Amino acid sequence: MHGRRIRAAFAVSLFVLASLAGTAQAQAPSRNLAPGFTTRAISSRLVIVPADMELFSMSGGGVLEPRADWTDAAQKYFRAALTARTEIVGRNTQELKEAELDELGQLNALHGTVAEAVFAHHMMKMPPLPTKNDALDWTLGEAVKPLHDRTGADYALFFWVRDSYASAERKAAMVATMIVGAAFGMAIVPAGGQQIGYASLVDLKTGRIVWFNNLARASGDLREPKAAEETVDALLKTFPALR
C-alpha cells in the first residue's frame with residue numbers, strides 16, 4: 001500500500017512538471033517512435049498486456065487513497081474499449097490473461113519503471129539524458145523473452161495508468177484555498193485529480209520500446225465507459241499503423 005502511494009505521488013509530481021513545461025500532448029510524432037521504426041508488418045502479431053492501473057480518491061488534505069472498486073470498473077471499461085479498437089491495434093491480436101501475467105513475474109512493474117523514465121527524460125526532457133541523443137532508445141531487455149516464448153507474438157502493448165479524483169472534501173478545500181488566495185491578491189489553484197498514463201509498444205524479439213505515448217492531464221474519467229473510451233483513444237494516438 002505504501003509503495004503504491006509513493007508511486008502515485010511520483011506520477012503526480014511528473015504531472016506538475018509537465019504542466020510547467022507545457023502540455024505533453026504537443027510532442028512531435030517522431031518523438032513517439034524509436035529510430036528506424038515507422039510501421040508494423042501487416043502479418044505481425046500483437047499481445048495486449050493487462051493494464052497496470054489504479055484509481056485513487058484525493059482526500060481533503062490532498063492524500064491519495066486507493067479505490068479498488070473504481071479500479072475494477074476502470075479495468076473492465078478500459079479493456080472493452082481496447083477490444084473495440086481493432087482498426088487501430090489490428091485483428092491479429094491476443095489478450096494476455098491476468099493469471100498468465102502473474103506467472104511472468106514483475107514484467108508490468110518493470111514496464112512502469114521504464115515508462116516513467118521515458119516520460120521524464122525523453123518526452124519532457126527533465127533532464128534529457130545525453131547518452132540517448134534525444135532518441136526513443138529504451139528497452140525492457142531480456143525480461144520480455146518469456147512473454148515472447150509463451151505467446152509467439154511479435155509485439156506487446158503495455159499500459160500504465162494512475163487516475164485520481166478529488167473528493168467532496170477536497171473540492172471544498174480547493175474552493176476555500178482559492179478564496180483565501182484571492183483575498184490576498186494571489187491566484188492559487190490547488191491540485192485536484194489528475195490522469196497520468198503511459199502506453200508502450202515493445203518488440204518482443206529485442207525488448208526495445210519502438211513506440212511510446214503518454215497522458216498527463218487534469219481531465220478524463222475511467223469510471224465511466226464513454227470516458228474510458230476517450231482515454232484509450234488519447235493513449236493510442238499516433239499508434240503505429242499496419243503496412
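Is Thr71 buried or exposed, and what is its relative accessible area? Thr71 is buried, with a relative accessible area of 11%. Buried here means under 20% relative accessible area, exposed means over 50%, and partly exposed lies in between, with a 1.4 Å probe and protein chains only.

Before going on, the ground rules. This is a predicted model, in which local features need pLDDT of at least 70 and side-chain atom pairs count only at pLDDT 80 or more, while totals for chains, interfaces and linings use all residues. Residues are numbered from 1 along each chain as its sequence is written, and side-chain values use heavy atoms, with hydrogens and water left out.

Back to Thr71. This residue lies in helix H2. Helices (H or I, at least four residues) and strands (E, at least two) are DSSP runs, numbered from the N terminus. Setting aside neighbours within four places in sequence, Thr71 is in contact with Met53, Glu54 and Leu55. Contact means heavy atoms within 4.5 Å.

What does E2 pair with in the parallel sense? The partner is strand E5, residues 155–166, over seven bridges. Two strands pair if DSSP finds at least two bridges between them. E2 is also joined by three bridges to strand E3, residues 64–66, and here the strands run antiparallel.

Next, the second pair of strands. E6 and E7 pair in the antiparallel sense over eight bridges. Within that pairing, Leu201 stands opposite Trp211 in E7. The hairpin has five residues between the strands, and Gly207 in it takes a positive phi near 85°. Nine of the nine residues of E7 are buried, so this strand is largely enclosed by the rest of the structure.

Now the helices. H5 has 17 residues and reaches 22 Å from its first C-alpha to its last, close to the 24 Å expected at 1.5 Å a residue. The expected span is 1.5 Å times one less than the number of residues. H5 is mostly covered, with twelve of its 17 residues buried. Among them are His111, Glu116, Phe119 and His122. After H5 comes Lys125, whose phi is positive, near 55°.

H8 has Ala228, Thr231, Val232, Ala234 and Leu235 buried. Seen down the axis of H8, its buried residues fall within an arc of 160°, so they line one face of the helix. The arc is that of the directions from the helix axis to the C-beta atoms. What do the buried residues of H8 pack against? They pack against helix H2 (68–83), E5, E6 and E7.

Last, the rings. The structure holds seven aromatic pairs. Rings of Phe, Tyr and Trp (its six-membered ring) pair if their centres lie within 6.5 Å; planes under 30 degrees apart count as stacked, over 60 as edge-to-face and the rest as tilted.

One of the pairs is Phe119 with Tyr198, which is tilted, at 5.5 Å centre to centre and 45° between the planes. Phe119 lies in H5 (residues 107–123) and Tyr198 in E6 (residues 195–203), so the pair ties together parts that are 79 residues apart in sequence. Phe119 is buried at a relative accessible area of 0%, and Tyr198 is buried at 0%.

Another pair is Trp211 with Phe239, which is edge-to-face, at 5.0 Å centre to centre and 85° between the planes. Trp211 lies in E7 (residues 209–217) and Phe239 in the segment after H8 (225–235), so this pair ties together parts that are 28 residues apart in sequence. Trp211 is buried at 0% relative accessibility, and Phe239 is buried at 9%.

Ring pairs also link Phe119, Trp160, Tyr198 and Phe212 into a cluster.

Finally, Arg223. Its charged end sits over the ring of Trp70, 4.6 Å from the ring centre, and over the ring of Tyr165, 3.7 Å from the centre. The criterion is NZ of Lys or CZ of Arg within 6 Å of the ring centre and within 35 degrees of the ring normal.
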